[in-house]
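Please read it alongside the sequence and the coordinates shown here.

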Amino acid sequence: MRDSADSYDPAFGRIRKANNKRQRNRFDDQETFAKRDRHVKRLATAETAADATDGLADGERWSTWDQSTPTERGPRPHPRWLVTDLAAIDTELGIVKTGKEADVFLIRRAVPVPGGQSCLLAAKRYRDPEHRLFHRDAGYLEGRRTRDSRVSRAAANRTAFGREAIAGMWASAEFASLCLLHEARVPVPYPVQITGTEVLLEFIGDADGTAAPRLAETRPDDGELADLWDQLVGALVALARRGYAHGDLSPYNLLVHSGTLVMIDLPQVVDVIAHPSGRGFLERDATNVARWFAARGLQAADPEKLAGLLIEEARLD
């Protein structure tokens, strides 16, 4: 067995003998080594590194913009209101919405100098495996299989790793859908970036942090109701023409801000061509929203006619 002080020299292909006292002392008794070791500059541990935040308060973090690759950021050109300065600080202002799969938090991203640019963002954070309850995910994940068979098996068996993989699949699916729909001019929040299982989105609401109400919480008059219906039909037709359905559409995942309808909660967007129940998803989306409008006296809101229109636009008839 080699002496612990010997070393292999790759340049000469042989063992060099450590004959000098100084080199052998490196492997001395622990007490002598410890005396020298206290003078060695140490790397920061995870705890000390976390503490070195240059005085950031609780609920603050440095902008995560540089933690996302170009493909993990929203479509170009980025909107002018978006802060991309790496010196910016993200400050968590509170929770906007809770759900079965994820919670949404209000974030202010601002450059901490007088007159620095700032913007409000919605941070959608998918829950950890112990607290997550995905809503009908088996049906939505049909046809959305990963190439890694190990991940597919884990997801199917709902192991801890599989549930974590599903969270990543939902976050990635929502971000990809938002990018696709935003570029197709479907009224959705601008997708800012994705980091792990957190999706940062454009905040739909007022500058003071008041979130836009859901459609179900509004009381539009006849003129406003007809205008919102026209906006909704246009958005659903744009989706169907590209072969997609929202998948879980209802008056609770449609926002109304300054008279404009905005579609949210899109992790389960369904490819109606590839999915064996694609037609059913189109019909259900149409029924859920048309009934709400019809119940408020809008005669044009016919669930069957809307479903037929979407099926025709998706070329499924």
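**Briefing on the predicted model**

Leaving aside residues up to four places away in sequence, Arg279 touches Ile311, Leu316 and Asp317, where a contact means heavy atoms within 4.5 Å. The model is predicted, so that local features need pLDDT of at least 70 and side-chain atom pairs count only at pLDDT 80 or more, while totals for chains, interfaces and linings use all residues. Residues are numbered from 1 along each chain as its sequence is written, and side-chain values use heavy atoms, with hydrogens and water left out.

- Arg279 is found in helix α8, which covers residues 278–295; helices (H or I, at least four residues) and strands (E, at least two) are DSSP runs numbered from the N terminus.
- With a relative accessibility of 41%, Arg279 counts as partly exposed, a class lying between buried (under 20% relative accessible area) and exposed (over 50%), for a 1.4 Å probe and protein chains only.
- Between Arg279 and Leu310 the C-alpha to C-alpha distance is 9.1 Å, although 31 residues separate them in sequence.

**Overall fold**
- The protein has 9 helices and 12 strands, and 41% of its 317 residues count as buried.
- Among contacts with a separation of 6 or more, 63% join residues 24 or more positions apart.

**Cysteines**
- The count of disulfides, meaning pairs of cysteine sulfur atoms within 2.5 Å, comes to 0.
- Cys119 is buried at 6% relative accessible area, and Cys179 is buried at 14%.

**Pockets**
- A pocket is an open set of points on a 1 Å grid over the protein atoms alone, where a 1.4 Å probe fits and protein lies on both sides within 12 Å along at least five of seven lines; lining residues have an atom within 4 Å of a point.
- The largest pocket holds about 430 Å³ of space, the volume being that filled by probe spheres set on grid points joined across faces, edges and corners.
- Of the 20 residues that line the largest pocket, Lys97, Lys100, Glu101, Asp248 and Asp265 lie nearest its centre, and β4 (89–98), β5 (102–110) and β6 (118–126) each supply at least two lining residues.
- The second largest pocket holds about 350 Å³ and is also lined by 20 residues, with Val96, Lys97, Val104, Leu255 and Ile264 nearest its centre.
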